[in-house]
Amino acid sequence: MTSERRPSRSSETTHRDDPDQEWVSGRRRFAADIAADTSELLHVAFVLSTEPHARLLDVDADAALALPGVVAVMTGADIGLRLFGRSLRDYPVLAVDRVLFAGQRVAAVAAEDPETAHRAARMVDVSYEPLSPLYDLEDVFGEHDVELHPGAQGYEGATDDHPFGNLQGADVVVDGDVDAAFAECDHVREDTFVFDRVHSAPLEPHACVVDARGEHVSVWSSNKVPNRLRADLALLADRAVGDIHVHPTNIGGDFGSKAAPYLEVVCLLLSERTQRPVAARMTYTEMLGTTAVRHPGRLRLRTGLRQGRIHAHEAEAILDGGAFAAIKPRATRVVSILGHAYANYEVCVRDERAMTVYSNNPPGGHVRSPGEFQSVFAGESQVDLLARTCGEDPIAFRLRRTTVPEVRGILEELRAGVQPWGGDGPDVGVGVATFGCRAGNGESVVAARATSSGVVLRVGVPDQGSGMYATFRLLAAQALEIPREAVHVEAIGADETLTDAGAGSSRVTAVVGSACIDACSRLLEELGPPDPDEGGGYWPAARLERMGTPEVSVEGVGRNRRGEAAAVKPTYGGLALQVTVDRMTGQFVIRRAMLVVAPGRIANPVGFRGQLEGGFVYGLSQAVLERLVVEQGQLVTASLGDYKLACIGDVPPLEIRHVRVGAETEGELRAVGELANIGVAPALANAIDDAVGVRIRTLPITGEDVWQALRSVGQEG
Amino acid sequence: MGGVDVDPAWPSIALTVNGRRHEVSVPADRRLAGLLRDDLGLTGTKLGCEVGVCGTCTVLVDGLPTSSCLTLAVQVDGASVLTVEGLAAFPELAELGRAFVEEGGFQCGFCTSGQLVAIAGLMLEQRLSSMTSEAVTEHLHGNLCRCTGYYGIQRAIDRARR
């Protein structure tokens, strides 16, 4: 056994030499690649509960331990109740006395190779006493005496307001007396929208390597919030924070999935016990069954018009949060579902309420636009229904009621853009939707160092797959007027010296990007103004030589706090889709799409376009193809063979247009990562209605749904 | 990485990977992806879905795109395997890599090895430029990308076809 501490692999490949080539040469390394060349490594496979709700009677690992190559088995009884959670710590690292969903981690096996670990995991004999389950909202609100978290008040993060035992959380936005406002309306409509479960589904499965030999712990992980991972590991493995080094690691896609320490705590404890480095990598079935799913549920919208204006709006959302609240970051334990329907229009009085409940299903988490996807579907569908009821053109209806200049510009561009699409045959329709995206709250510090050979930006945020480091390089090159090749981004992983909120919530470009710009202006304060004639492009080299110093180091800060005057402004978008519907089958084809956005400053044109294109297809995939089927608590679509993601043959032609409203927006960095995906479902539902006159209020939207709707009104082919 | 002697059969196989000949002894249930990644250290080939759907593990076996997650190592005895690490040996593929960078053909990069290998298979057989774009698209149905929406990949292929 070697005691040599492995170097930070990621720092070897953090865009220092040839950042572009790394991506296309196979040299870009992810957490599982660190494992592949770590010597003395043990591989961990988890034993997952087969029961959705049961008392855990016994975990018999004798047979597994007898298998040659198996080194250790760890159970909940071995380590006791260790709870993780982002705002509420209710999720045990390993189940101790009960399991609350099929897929919950019950035990872990460490073996010399992955095949043996998985074989041994299947040999662990777990005895369960099944308990009454709560499978869906009807069960939760039906007659029963099942309380899934009887000790909820004792969880760290629990709030006093806890009206009944299966409530995960509640959220309210009220700005007036909505009943009085409805009484003043001359037209009111109510619609209930229902959405099924979908999965974040990044292609890289969660993976980690943990080496806890000796005093210090080294961690390589696909986790996107290294600072919190380190704090969680310290707390849950009884280690000092300073003992834990979370190395920067590339992440193969996130979409909300990679923020919880599903694997790392147990790997740390197993590494301590075995005195070997330990690795785990989820199977894709484990990904689909145990990591972030979008909350299924329903959203009832009631909206009233008074003399043509939107006078009263009421929303009530009920969401299935699954077995644990742990992977949701918001203190309300409710995803961001309120305030997004009708967000772009003038509404006199709002009354919006949401609740999340516990069930014996996989835990709900933050999937790209965690609540916006559902609420914009509902809101922009109902806006269309109101327009049709009033006999108004849907674009004109929106234009008359929007208060946002950017949305007005977007709608006018869409109207001009779709005009040539019109009159294109029977059963062809066009639908539109407007939407917005706000950067999440957070603060980040970036350290910048100018040397004779280039500028190094040290960042805490990991690259979760959006290509953000390329954006940072471009921002610094522009701010300092130096070649992009002279800027290097160095990821540092978890580090108490650099504040960072991690990747997520569409915050990185706006918050960390602003920190990069701030750091560059501080560099300019130290170095003096740029002079590209000095030093052949990279002018700071000559400047430093004249100053008689080898380098200059500074720190820059970026932050966003929604609601404050200086908060990052929203990005707005609009989408138009043209569809053809086959009345014989209900099948529909999206013939073309036009996405119009009002961007702020576009720091990285390739990355910006990629977020819009990728967001559009992500939304398309979740609007029409994806459905994570869980029946009686059991995952049915348990592989990517059954859980369909959009492939290259599924994407329609997409035109992207930009509109500029006011010169003051040119310089601001805004969020774009969770923009385009939320418009697809409502634009599609509106287009289908336009084509064949039926309204789909459920997600995903399938041909069968359309056919059933046509059949119900006698309009099928 | 060492295996465990639970299976009496640890067959020896010989294969060529990226032009280099290897003779290895592997457990009978080791898959080609495991052989490449764990035994030969070629981690450019990624493991995603492990059911032959996502395409992140695509390699060329005797020129044909193959899911290395579903192929046993013993099945490639005597074969020639090309992985993403081997593409640099073909100057005619350089433009494809550049086009992926410049056209936004990737974001997180996890699927990129499989995409490049699948397209390179067509280019090395000089089929890409004569195929219809529909046929190229169909060829890539088995290479999923969750980030880009495929438009950047399509632009990169269009450049490589020229």
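Which domains is chain B divided into? Chain B splits into domain 1 (12–83) and domain 2 (87–161), with bounds that come from an automatic or database domain assignment.

Before going on, a word on the model. It is predicted, so to speak of a local feature we need pLDDT of at least 70, and side-chain atom pairs count only at pLDDT 80 or more, while totals for chains, interfaces and linings use all residues. Residues are numbered from 1 along each chain as its sequence is written, and chains are lettered from A and ligands numbered from 1 in the order in which they are written.

Back to those two domains. Their C-alpha centres lie 20 Å apart. Domain 1 of chain B brings 15 residues to the contact and domain 2 brings 12, where contact means C-beta atoms, placed from the backbone, within 7 Å. On the domain 1 side, strand β3 (residues 58–61) gives the largest share, 3 residues; strands here are DSSP runs of E, at least two residues, numbered from the N terminus.

Among contacts in chain A between residues at least 6 apart in sequence, 81% join residues at least 24 apart. Thanks, everyone!

Definitions and conventions. Two residues are in contact if their C-beta atoms, placed from the backbone, lie within 7 Å. Helices (H or I, at least four residues) and strands (E, at least two) are DSSP runs, numbered from the N terminus.
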